[in-house]
Amino acid sequence: MFSYDLNLRKVCRGDLGALLEMKMESQAFHHRIAILNEADQCAWYEGLDRDVHQPSELVLIGSDPKRADGCAGDVGVISLRNINYIDGTADVGCDVFSAHRGMGFGTRLMSSVISLCREVLRLRKLSCEVLDFNLASRRMVERNGFVEEGARRRHVYRNGSFVED
């Protein structure tokens with residue numbers, strides 16, 4: 001486990017139910033959801049990169065060690081994909097469990113994973129895609145220093161129409 005503002009740990013089998021629930025309730029905001037049932041969720045988990053030295057993909061759960069009730073609780077998930085250790089780059093995605101949205105946890109999750117990427121993985125550049133209508137995510141990435149480098153027009157199909165990212 002890595003401790004920054006939030007604690008980060010690798011996803012485990014016990015997290016699959018909460019992750020599936022998150023995907024089902026916020027499907028419109030996700031880019032490429034293909035997992036919509038428990039069997040596919042288990043197959044996804046089994047297929048995660050298990051390279052402990054230089055994984056090409058990491059899925060991390062963030063928990064808040066500073067909760068007012070004294071209990072550490074999971075607040076969301078961060079995924080790092082296409083990790084390239086030679087170029088020092090990766091794609092990052094973030095989602096906050098619905099009970100914790102609107103409280104700044106997305107910003108804290110992203111800040112924690114940025115620290116992990118710089119200090120441990122030695123990455124120099126992270127990229128993320130934000131759908132044009134997801135204003136909360138746009139604000140979160142801007143607060144963490146991301147700069148828009150471009151938009152892909154009518155690139156993602158959601159809810160009956162194409163949107164840009």
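## Helix packing and nonpolar cores

Helices H3 and H4 cross in a right-handed sense. The model is predicted. The H3 side of the contact consists of Gly 106, Thr 107 and Met 110, and the H4 side of Met 140, Val 141 and Arg 143. Sorted by class, three of the contact residues are nonpolar, two are polar and one is charged.

The geometry of the pair is as follows. H3 spans residues 105-119, and its axis lies 9 Å from that of H4. The packing angle is about 40 degrees. Angles from 65 to 115 degrees count as roughly perpendicular and those under 35 as roughly parallel, so H3 and H4 are classed as oblique to each other.

**The chain as a whole**

The chain holds four helices and eight strands. Read from the N terminus, the order is β-β-α-α-β-β-β-α-β-α-β-β. The chain has 165 residues, and 41% of them count as buried. Among contacts with a separation of 6 or more, 57% join residues 24 or more positions apart.

Nonpolar side chains tend to be buried together in soluble globular proteins. Here the largest nonpolar core has 25 residues. Leu 80, Val 92, Met 110, Val 113 and Leu 126 have the most contacts inside it. Strands S3, S4 and S5 each give two or more residues to this core, as do H3 and H4. H3 is the top contributor, with seven residues.

| Strand | Residues |
|---|---|
| S3 | 58-64 |
| S4 | 73-84 |
| S5 | 89-96 |

What does Leu 126 contact, leaving aside neighbours within four places in sequence? Its partners are Leu 80, Ala 90, Val 92, Ile 114, Cys 117 and Phe 146.

A separate core of eleven residues lies apart from the largest one. Val 11, Met 22, Trp 44 and Tyr 45 are among its members.

Strand S6 covers 125-127 and H4 covers 135-143. Leu 131 sits in the loop between them. Is Leu 131 buried or exposed? Its relative accessibility is 2%. Buried means under 20%, so Leu 131 counts as buried. Ala 151 is 20 residues away from Leu 131 along the chain, and their C-alpha atoms are 9.4 Å apart.

Definitions and conventions: Residues are numbered from 1 along each chain as its sequence is written. This is a predicted model: local features need pLDDT of at least 70, side-chain atom pairs count only at pLDDT 80 or more; totals for chains, interfaces and linings use all residues. Side-chain values use heavy atoms; hydrogens and water are left out. Buried means under 20% relative accessible area, exposed over 50%, partly exposed in between (1.4 Å probe, protein chains only). Axes are lines fitted to C-alpha atoms, for helices over the stretch in contact, and angles run from 0 to 180 degrees between N-to-C directions. Angles under 35 degrees count as roughly parallel, over 145 as roughly antiparallel, 65 to 115 as roughly perpendicular and the rest as oblique. A crossing is left-handed if the near helix is turned anticlockwise from the far one by less than a right angle, and right-handed if clockwise. Contact means heavy atoms within 4.5 Å. Ala, Val, Leu, Ile, Met, Phe, Trp, Tyr, Cys and Pro count as nonpolar, Asp, Glu, Lys and Arg as charged, and the others, Gly among them, as polar. A nonpolar core is a set of buried Ala, Val, Leu, Ile, Met, Phe, Trp, Tyr and Cys residues joined through side-chain atoms within 4.5 Å.
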